Amino acid sequence: MQSLNKPNSFVFSLIAAWLICVVAGLVYFQLAQLKPFDSSKILIQKNWFGNFKKQLDWVDTGESSLVLITEKNCGCTIQAKPHISSLTSFAANKAMKVVQVELTPKLKHVIPATPAAVIINKNGEFVYAGPLSEGLACAQGSGFVETAVTNLAAGFNSNLLITQTKGCYCVNNA
């Protein structure tokens with residue numbers, strides 16, 4: 001039986017060190033993507049919802065609406081495209097109007113980060129505001145919006161405001 005000699009031990013040690021460095025680098029860069037959604041507490045300001053509707057020039061139409069706010073050059077929006085597509089279909093199947101809005105300088109004062117969602121019921125009242133989801137990839141399985149849409153379709157207004165979560169968000173510095 002052949003024992004490990006010094007050159008083989010060195011090669012195995014070098015491979016192990018390289019593997020540890022690669023994994024540590026991946027973890028570091030993934031965790032660097034995690035940002036708080038509303039660290040500046042924009043969504044809890046007095047009359048936030050009224051200001052949001054004013055910035056959009058919102059007109060109540062008598063139907064429930066899902067407003068998706070995205071930013072063209074945001075990598076997190078690009079990662080969330082499959083989720084956005086799924087949400088659009090999901091909301092449409094629940095008889096909800098879907099409005100997609102690009103972040104504007106005016107909206108930066110009322111939307112802390114993107115991608116974000118706001119749900120407005122048929123009476124023009126607040127139902128949900130916050131991110132599409134939480135976590136590294138802002139992926140489908142970790143969404144809050146689906147829950148709020150399902151509750152609204154069942155006749156329950158969630159009145160859900162999500163501010164204390166971390167995920168892949170492009171934070172707006174208004």
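Residues are numbered from 1 along each chain as its sequence is written, and side-chain values use heavy atoms, with hydrogens and water left out. Because the model is predicted, local features need pLDDT of at least 70 and side-chain atom pairs count only at pLDDT 80 or more, while totals for chains, interfaces and linings use all residues.

The predictor's confidence in each residue (pLDDT, from 0 to 100) has a mean of 86 over the chain, and 87% of the residues reach 70 or more. Confidence is highest in strand 2, at 96, and lowest in helix 1 (residues 6–33), at a mean of 76. Helices (H or I, at least four residues) and strands (E, at least two) are DSSP runs numbered from the N terminus.

A nonpolar core is a set of buried Ala, Val, Leu, Ile, Met, Phe, Trp, Tyr and Cys residues joined through side-chain atoms within 4.5 Å; buried means under 20% relative accessible area, exposed over 50%, and partly exposed in between (1.4 Å probe, protein chains only). The largest such core holds 21 residues, and W48, F52, V67, I69, I111, V118 and I120 have the most contacts inside it. Helix 2 (48–56), strand 2 (65–70), strand 5 (116–120) and strand 6 (126–131) each give it two or more residues. Another core, of 18 residues including A80, I119, V127 and L132, lies apart from it.

Within helix 2, the buried residues are W48, F49, F52 and K53. They lie on the same side of helix 2, because they cover an arc of only 135 degrees around the axis, taken from the directions from the helix axis to the C-beta atoms. Their cover includes strand 2, strand 5 and strand 6.

Key:
Contact means heavy atoms within 4.5 Å.
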